[in-house]
Amino acid sequence: SSWGTEVSSVEAAAIDRLRDSYLKLVEVSAALGRGEEEYGIRMNDALTCVESVAEALGLPVASRAYRSGFSMNYRALFPTGERIYRADVLETSLDQQLEIWVNGDKFELSPEAMGRADALQEAWTELGSLLASCAPRSGQEEQRPTRAQLTTCLVALDIAWAAFERCYISELIAIEERARQHVVFASELEGTLRKLEKHGAAEAKAAERQLVAHIARLNSVANFKSKGRDDLGHDILESAMRVLRECEGADKGPTRSASSRDAARALAADVVGAYVAMRRYLRQVGAYLERVDPHLCNNPGLVARLVDWETSWEVGARYVRDSSLLEAVCDTVAEVKAAQALVPALREMCQDCD
């Protein structure tokens, strides 16, 4: 194809690729819709071609100095001051999505961000119209935009893109920081409790109650593998600690046989162990909060700890918190152990059963 003397052969080839990739994107969008995988592939291809044409024409890049203020995660996505046209950024401007849901909470982009989105959408439409105008038509001579027309569209697109990217990503970072506050606050509470416990402060018990309440809240937000209960309270932990003290002889409690005492200790230890593991996680994650996925259910370590916590505390709520039921369970265990001593085959049967 001929572009005349105003563009070089390298520039002409890049422009032709852009035109073809954009027309294919329009075709796929009309046939499949924008949500399909093929559309995403075509969009990425078209944006790559836009960058290639801008570079081939030697067009200036709007300043991306603002990226230095991005969080670590977004600096990894935008590591340089080059254009880096990401499809998800453009799609957000095209979709006009005002609302963002994270951990069950609704966040809204600012009017400024939506205004920047409108400007980017308009610039993208202008470029698309220019490219569509030079689509091959049967029996007609190919129409070619001038270098000046293409330059104007590409420069306007880049300026609008940078303005929206800066506003949108900055607001995303703020939203994600707020979404992480469930973990941030729990980690801070754990640190406060640790200091109070170290000094034997009277306020430690109140801080412990507050931490347990927030773990329950965190469980309701992030634990998608279990029930996500938020009603497992501090009294379960208190009951488990009391039972452990009784089993160790530190507190006076009901008289139990060795088998009964072992059963009580095992049930109580599961409750306390899950709580200790949760505290250990919160203590460790405090040094890496920026790496926590703001969609908390996407953090495998957190979810694993919460699943263990909920499972153990549900058992504790039923069998440890209720003293009479705990004694009944322990007596039953003791009777089964006695029967196993008399009938060894029963022990094997119990071991083979889940």
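1. Let's start with Trp101. Leaving out residues up to four places away in sequence, Trp101 touches Lys106 and His295 (contact means heavy atoms within 4.5 Å). Trp101 sits in strand β1, residues 99–102 (helices, H or I of at least four residues, and strands, E of at least two, are DSSP runs numbered from the N terminus). Its relative accessibility is 52%, so Trp101 counts as exposed (buried is under 20% relative accessible area, exposed over 50%, partly exposed in between, with a 1.4 Å probe and protein chains only). Gly81 is 20 residues from Trp101 in sequence, and their C-alpha atoms are 30 Å apart.

2. A word on the numbers. This is a predicted model, where local features need pLDDT of at least 70 and side-chain atom pairs pLDDT 80 or more, while totals for chains, interfaces and linings use all residues. Residues are numbered from 1 along each chain as its sequence is written, and side-chain values use heavy atoms, with hydrogens and water left out.

3. Now Glu208, in helix α8 (residues 204–222). With 6% relative accessibility, Glu208 counts as buried. Setting aside neighbours within four places in sequence, Glu208 contacts Leu193, Glu197, His234, Leu237, Met241 and Tyr275. Leu237 and Met241 turn up again on the α9 side of the α9–α10 contact, and Tyr275 on the α10 side.

4. On to that helix pair. α9 (residues 234–247) and α10 (residues 258–285) pack at about 135°, with axes 8 Å apart (axes are lines fitted to C-alpha atoms, for helices over the stretch in contact, and angles run from 0 to 180 degrees between N-to-C directions). α9 and α10 are therefore oblique to each other (under 35 degrees is roughly parallel, over 145 roughly antiparallel, 65 to 115 roughly perpendicular, the rest oblique). Their crossing is left-handed (the near helix is turned anticlockwise from the far one by less than a right angle; clockwise would be right-handed).

5. Who meets whom there? From α9, the contact includes Ile236, Ala240, Val243, Leu244 and Cys247; α10 brings, among others, Arg261, Ala264, Arg265, Ala268 and Val271. By class, the contact has 13 nonpolar, no polar and 2 charged residues (Ala, Val, Leu, Ile, Met, Phe, Trp, Tyr, Cys and Pro are nonpolar, Asp, Glu, Lys and Arg charged, and the others, Gly among them, polar).

6. α10 also packs on α11: the axes come within 8 Å and cross at roughly 150°. That makes α10 roughly antiparallel to α11, and this crossing is left-handed. Residues in the contact include Ala268, Val271, Tyr275 and Tyr281 of α10, plus Leu302, Arg305, Trp309, Trp313 and Val320 of α11.

7. Last, the aromatics. How many aromatic pairs does a search of the whole structure find? The search finds 7 (Phe, Tyr and Trp rings, the six-membered one for Trp, pair if centres lie within 6.5 Å; planes under 30 degrees apart are stacked, over 60 edge-to-face, the rest tilted). Phe70 and Phe78 have ring centres 6.0 Å apart and planes at 70°, so that pair is edge-to-face. Both Phe70 and Phe78 are buried. Trp309 and Trp313 make a tilted pair, at 5.0 Å centre to centre and 35° between planes. Those two are 4 residues apart in α11 (residues 300–320), so about one helical turn separates Trp309 and Trp313. Trp309 is buried at 0% relative accessibility, and Trp313 is buried at 0% too. Tyr66, Phe70 and Phe78 form one aromatic cluster.
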